[in-house]
Each structure stands twice: as C-alpha cells, then as structure tokens.
Amino acid sequence: MKRIAYQGEPGSNSDAACQIFTPDREAKPYPTFAHVFDALLNGEVEEAMVPVENAVAGRVDDIYRLLPEHPIGIVSEYFLPIKMHLMALPGADPKGLKYVRTHPMALGQCASAITRHGLLAEAARDTAGAARELKENPDMAVAVIAPEIAADHYGLQIVERDVQDIERNYTRFLRLTKDGAEEWPDLLSGPILTSMIFKVRNIPSALYKAMGGFATNGVNMIKLESYQEDANFTSTRFHAEIEGHPDDPSVRRALEELGYFTEYMKLLGVYPADAYRANHAFKS
C-alpha cells in the first residue's frame, strides 16, 4: 500500500481528503507542511496531499513557497466540501455545554451556531486537535467544532451537524509525487490543467507581452498570482494555471511565446481537472 502524507492530526480535513480521494493509500500525519515535503523527498511516503486554497480563507501561502523549491510535481487535484459539526463527549447534555473549542478560522465560520447555543468560544491549534484534547481531558461542559471524521476517530457524539455559516465552502487539495507523474495524462483523456511558475525578464511590459500568447492562441488562464522572490522586493515570481495540455498545439505555441519574455519557467504539473469544476461552472 502506498503512503500519502498530510499536514495536521488524524480527524482533520486533510485526513478526510486522503480518506475520500485516495482510500487505497495509507495516510500519514505530519506536524507542518515542511515535514510533509521532507517526507516525500526522503522516501518516507510516495505521495502527499496538501491544501492550496479555500473558498473563504484564500490561498495557503506555505505551499506556494515550498512547491517551486523542490523536485515535486502535481498529479491531480481534489475539491473537498468543508462541513463542520458541533460535537461533545458521549452522554453530554447539549443544554449543559458552556464552552466550544476549535481553530480560530472555524470559530469565525460557525459564529451563528456558537451564539445560538450560548457557548463561550475558545481558540485551539486546529479542529482535530481540539477533538483529541477533549477525548484526552474529558469535560462534559466542553464542545468542539470539527469535521465528522474527527467524531469517528475520537469517539465523540455530534450535537449538531453543518454548523458552518457558509454552505458553499470548499478547499482545493493537490496530490503530489516526488518527481511528478512519469507520464502526462493523455491529451484526449478529458479536461486537463497545466500549472507553472515563471519569472519575467526585466524589460518594459514583459508581463503584458508574456500573457499575450495565451490570448492570441485562445488558451484560458484560470489563475495568475504573484509573490516576491526575495527580501529585496525587486524580483517577482508568478504562479499560473491554464486549461489545456502542453501537447495541444495552441497551448504549445502559448508556452513558447511565454518563454521569449521570461528568465525561467518550470512546469509544476499536467493533471486532470477535478469534476467539481465542470459541475459548478457558472453556478451561483
């Protein structure tokens, strides 16, 4: 059985992403994203599952910093619906609950339920960690907010389901391997995404000219983000994602034109688009 690394504790959303999207892998938790990348590079695991952006909280900066610096490639993506549940120890009286513990972000996303139950909010390091600590230090007056997998893992009872204020909250995960896929998916296998990083040359309008190739060749760019490459704030690196396969003539021409105006470019992955994109396109 292949091993897949994730950041966090058992019962976290990252754990759930591994269990749902790669049920044939042995999921292994690590304390930080740096530990996840190290485990992948040194062969402790064959794959990694990392979150890169959330519909509410935005992008996960650590991944955008770590990914370009290592010989690691993207082989697939997965969109996990984020569902939060209010849970307590078995036998706890919901009317006797006084405190609720979870990650600060979850506290903000579940404010209505916390107010409705009249609970005093206390921040925890993460959602699954709050569930584990409640199991290790039982207190009938304490509730936690965490994914359903945490209730299953730590033997807690769910007091109320789906307590998140925003229903359409998804986290996008990327599945990584040490060197990326040995072979790209077939050009005709379905919707394909290509991810890359690049740094434009230091000439006037370099970014505008670099992007022109995608427009003239009809290639849809779905992501373009910039971030500083060093502490001098003089060098900018871009992360881009496009729809299409590098073997497609229009994509190949666009990438060739991009190369004229960049100091370097690196493909991070060529991989199938998750069905979530097609199922939710243009839907409010």
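Trainee: What joins the side chains of Ser76 and Arg175?

Mentor: First, the ground rules. This is a predicted model, in which local features need pLDDT of at least 70 and side-chain atom pairs count only at pLDDT 80 or more, while totals for chains, interfaces and linings use all residues. Residues are numbered from 1 along each chain as its sequence is written, and side-chain values use heavy atoms, with hydrogens and water left out. A polar contact is a pair of N or O atoms within 3.5 Å; within protein, one must be able to donate a hydrogen and the other to accept it, and residues adjacent in sequence count only if both atoms are side-chain atoms. Here a polar contact of 2.9 Å links the side chains of Ser76 and Arg175.

Trainee: Is Ser76 buried or exposed?

Mentor: Buried means under 20% relative accessible area, exposed over 50%, and partly exposed in between (1.4 Å probe, protein chains only). Ser76 has a relative accessible area of 6%, so Ser76 is buried. Ser76 is found in strand 5; strands (E, at least two residues) and helices (H or I, at least four) are DSSP runs, numbered from the N terminus. Contact means heavy atoms within 4.5 Å. Leaving aside neighbours within four places in sequence, Ser76 touches Phe21, Phe173, Leu174, Arg175 and Tyr271.

Trainee: How many salt bridges does the structure hold?

Mentor: A salt bridge is a side-chain nitrogen of Lys or Arg within 4 Å of a carboxyl oxygen of Asp or Glu. The structure holds 22 of them. One joins the side chains of Glu77 and Arg277 at 2.7 Å, N to O. Glu77 lies in strand 5 (residues 73–81) and Arg277 in helix 10 (residues 275–280), so this pair ties together parts that are 200 residues apart in sequence. Glu77 is buried, at 2% relative accessibility, whereas Arg277 is partly exposed at 25%.

Trainee: How far apart are the closest N and O atoms of Glu133 and Arg132?

Mentor: They are 3.9 Å apart, and the pair forms a salt bridge. Salt bridges that share partners also join Glu53, Arg59, Asp61, Glu77, Arg172, Lys223, Glu225, Glu241 and Arg277 into one network.

Trainee: What volume does the largest cavity have?

Mentor: On a 1 Å grid over the protein atoms alone, a cavity is a set of points where a 1.4 Å probe fits but cannot get out; a pocket is an open set with protein on both sides within 12 Å along at least five of seven lines, and lining residues have an atom within 4 Å of a point. Grid points are joined across faces, edges and corners, and a volume is the space filled by probe spheres set on the points. The largest cavity holds about 60 Å³. Its lining includes Val52, Leu174 and His239.

Trainee: Which residues are closest to the centre of the second largest pocket?

Mentor: That pocket has a volume of about 230 Å³. Of its 14 lining residues, Glu53, Ala55, Phe79, Arg172 and Lys223 are closest to the centre. Strand 11 gives the most to this lining, with 3 residues. For classes, Ala, Val, Leu, Ile, Met, Phe, Trp, Tyr, Cys and Pro count as nonpolar, Asp, Glu, Lys and Arg as charged, and the others, Gly among them, as polar. The lining divides into 5 nonpolar, 3 polar and 6 charged residues.
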